[in-house]
Amino acid sequence: MKILILGVNGFIGNSLAARILEEKDWEIYGMDIRNDKLEGCIGNKNFHFVEGDISINKEWIEYHVKKCDVVMPLVAIATPATYVREPLKVFELDFEENLAIVRLCVKYKKRLIFPSTSEVYGMCPDKEFNEDESPLVLGPIRKQRWIYSASKQLLDRVIWAYGFQRGLKFTLFRPFNWIGPKLDELTSDPEKEGSSRVVTQFISSLFLSEPIRLVDGGMQRRCFTYVDDGIECLIKIIEDRDGRLNGEIFNIGNPENEATIKDLAHKLRELFMNHPSTKHYKKHSEIIEVYSKEFYGEGYQDIDFRVPSIKKAKEMIGWEPKVDLDTALRKTLEYYLESNLK
Ligand code: UGA
């Protein structure tokens, strides 16, 4: 099997590629604007990498869509601060550029495995979000945060319509707050505040002995999923030989790993402080509260809770997550501690 992974250096891409090369004899053709997370892949005979940009290197992409059996376009902006600050950039990359790839899959009749997002459910009131039943509830237009969710939702609908009207073979997956090594870069630049996802944002603050900031009190909840669990599910989706998963949408999350953002801050701080390598830290981060208006800007609106139903993934894919929250946080933090000490 030949797989095209666009955005192969990203958080999901690099981890997926490394696991495929370890366990399967599949060939990977990958493109990304960077290659700093691919040390385990480059040099492997089944890994063919080119540095490039999906908005520029269109000929390379078309040629490789034609050549491969499965296409996974993983290029997207996925940080809420950017949804608020640069909504057009999110629309152009996450929607427009990806739509062009979807259309190539239609043209060359290739199987598409596409990342939707937990964000499409928005402020859905359901206790557990169900792929085929739950309503998708977004806020007003002036709340720019929803541009990511709306872009992804429309693309989900367009992909669905291509399946319905033109026979496109596709599977959509919705990651729920995946965490793990190489999630985002740590930042010490105040200009980039809020530019990574919450776990890496908190780890950056811990390294700098700066306050950990809870947006609007930190009582909002998320279900954190360890990346290895998510990747295992993705590999099973790619493996679908008889087309049973065609036209289906799957939540990939861990409903058992629910925590408030405040709990998350306390857990991470404790893990950090108790780690042998941080003994020399004289000052530890305080945990403080900030208003979202100041942290993200007026265009922000939050999601109070978000629990995936994974019944469908269990039944149709035979998958369920294994890594509990404390282990997931410890492994994520250890990666950053180790790479920071190098
Ligand atoms: C994320 C992003 O949209 C995407 O990465 C992705 O599509 C999706 O969710 C997912 O991974 O499932 P969200 O969970 O809101 O959205 O993003 P985070 O930046 O990780 O924030 C989580 C919560 O922590 C939010 O309520 C946010 O307000 C809060 N937060 C974030 C803080 O309290 N302090 C911070 O420093 C950063």
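Which side chain of opposite charge is nearest to Asp-240? It is that of Arg-111, 4.0 Å away.

**View 1. Asp-240 is a buried charge without a salt bridge.** The model shown is predicted: local features need pLDDT of at least 70, side-chain atom pairs count only at pLDDT 80 or more, and totals for chains, interfaces and linings use all residues. Residues are numbered from 1 along each chain as its sequence is written, and side-chain values use heavy atoms, with hydrogens and water left out. Asp-240 sits in the loop between helix 7 (227-239) and strand 11 (248-252). Helices (H or I, at least four residues) and strands (E, at least two) are DSSP runs, numbered from the N terminus. Buried means under 20% relative accessible area, exposed over 50%, partly exposed in between (1.4 Å probe, protein chains only). Lys and Arg count as positive, Asp and Glu as negative; His and the chain ends are not counted. Beyond four places in sequence, Asp-240 is in contact (heavy atoms within 4.5 Å) with Arg-111, Leu-245 and Asn-246.

**View 2. Lys-152 is also buried and has no salt bridge.** Its place is in helix 5 (residues 146-166).

**View 3. Lys-182 and Glu-39 form a salt bridge (3.4 Å, N to O).** A salt bridge is a side-chain nitrogen of Lys or Arg within 4 Å of a carboxyl oxygen of Asp or Glu. By this rule the count is 21. The Lys-182 and Glu-39 pair links distant parts of the chain, 143 residues apart. Lys-182 is buried at 16%, whereas Glu-39 is exposed at 57%.

**View 4. Lys-58 meets Glu-97, with the closest N and O atoms 3.0 Å apart.** At 41%, Lys-58 is partly exposed. Glu-97 is buried, at 16%.

**View 5. Asp-326 and Lys-267 are joined by a salt bridge (3.0 Å, N to O).** Asp-326 belongs to helix 11 and Lys-267 to helix 8 (residues 261-273), so the pair ties together parts 59 residues apart in sequence. Both partners are partly exposed: Asp-326 at 43%, Lys-267 at 30%.

**View 6. Phe-202 is buried in helix 6 (residues 198-208).** Its relative accessibility is 3%. Beyond four places in sequence, Phe-202 touches residues including Ile-212, Leu-214, Ile-261 and Leu-268. The C-alpha atoms of Phe-202 and Leu-214 are 9.5 Å apart.
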